[in-house]
Amino acid sequence: MEAAARTPAIPEALEEATRHQPRARAALLAALASPGHAYIFRGPRGAGKAAAARAFAAELLADGAPDPDDARRRVLLDPSPHPDLAWLRPPGAQHLVEDVRESVIRASSLSPAEGGRRVFVIEEAEDLRDESQNALLKTLEEPAPFAHLILICSEPELLADTILSRCTPVEFGPLSPDAVLEALGAGDDAAAAARLSGGDVELARLLLGENGTALRATAEAAARAARSSSPPPEPWRGLLDAASEAGQEAGAAEEARLLEEAEAMAKRGRKGKLTREATEQVKRTERRARTQALDLALAICCAWFRDLAAVASGADDVVLNADRREELAEDAQGLDAAGAREAVEWVLDTRRRLRVNVSEELALEALWLRLSAALSG
């Protein structure tokens, strides 16, 4: 009598990384049986794409390694010391073309240092410039037999069709509020953060922290000012100030990290001060953090106007700001739900336009004029 076919064991790290993503887990288990050369992990932010990519890379590099367990352990570290794993994150608002050329395109032609594979992961692939995408295309068209590329992307529409068509998609869905709340723990604040996060556990944690709480309060005050009969002269100014503060903090932290590295180099007899390249890295980090904080503040405003539309329509049970029901009810008095929905669209439009280097101050000034008009009914 033949033995019944057994389901292959799920690697521990991959099982944990895809605990709330059964569709992605099934795709990745199938891929491990016969790995392709290029994948795109696509889905909303905070859905666990990066953790799944690292677990998947660990299995790819463990297979055929002299010591599979040690190879897997090193890949799962962040940052990883494994010589056959390259992991790119954008240092600023976008990936640098030079980084993509050096760390992926050129490196993908070099033979593995261990085992039989090399893995290249590009996080936030939507931030690849057109030049970087064009340069990457040849690597996708003519990959080395040992090279595997993983793009992690939350907005695949920003990638060229020629890139997308050459990558096998692995789909991730948003985490449910319950799944996020499970990671956060109980509490009214946690429940609200889970709903506001859109399935992003890290964002939910940020919203519960000191900086996130302050940013939420600033954004809500600005959003409520658009409905006020006597708003402050520049209700959006607090958003810019909060974004600048976030950028300065991130820049200072990056500078401290780079100085620590420089000091360590000095002890080894090498140059011990920040290079011009390192100084530019600090500036890019500051700009990126500022941009992200401003976008998050606008997202919080967007959630507020969405909730106003829900309350004005009598759908209180679907509000995201579940811990602000009294304030929402106050702001929704006499409000036409259509005006609140229009406000949501204006905020979304501004978030999109801020990606193309428009003036933040002018964009926000115009936005609040439109918000006041939309919510004046």
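This is a predicted model: local features need pLDDT of at least 70, side-chain atom pairs count only at pLDDT 80 or more; totals for chains, interfaces and linings use all residues.
Local features are taken from residues with pLDDT of at least 70, side-chain atom pairs count only at pLDDT 80 or more, and totals for chains, interfaces and linings use all residues. Residues are numbered from 1 along each chain as its sequence is written, and side-chain values use heavy atoms, with hydrogens and water left out.

**Stop 1: strand 2**

Select residues 85–88, which form strand 2. Strands here are DSSP runs of E with at least two residues, helices are runs of H or I with at least four, and both are numbered from the N terminus. Leu85 and Trp87 lie on one side of strand 2, Ala86 and Leu88 on the other, and all are buried. Buried means under 20% relative accessible area, exposed over 50%, and partly exposed in between, with a 1.4 Å probe and protein chains only.

Leu85 has Val119 as its bridge partner in strand 3.

**Stop 2: a cis peptide bond**

Select Asp78 and Pro79, which are joined by a cis peptide bond with omega of about 0°. Pro79 sits in the loop between helix 4 (68–75) and strand 2.

**Stop 3: a positive phi**

Move to Glu124, in the loop between strand 3 and helix 6. Glu124 is not a glycine, yet has a positive phi of about 50°. Most residues other than glycine have a negative phi, and most peptide bonds are trans.

**Stop 4: helix 6**

Select residues 130–141, the 12 residues of helix 6. At 1.5 Å a residue helix 6 should span 16 Å, and its end C-alpha atoms are 17 Å apart, which agrees; the expected span is 1.5 Å times one less than the number of residues.

Which residues of helix 6 are buried? They are Ser132, Gln133, Ala135, Leu136, Leu137, Thr139 and Leu140. These buried residues pack against several elements, including strand 1 (38–42), helix 5 (97–106) and strand 4 (147–153).

**Stop 5: Ser197**

Finally, select Ser197, in the loop between helix 9 (188–196) and helix 10 (201–208). Ser197 counts as buried because its relative accessibility is 6%. Leaving aside neighbours within four places in sequence, Ser197 is in contact (heavy atoms within 4.5 Å) with Val180, Leu203 and Ala204.

Conventions:
Two strands pair if DSSP finds at least two bridges between them.
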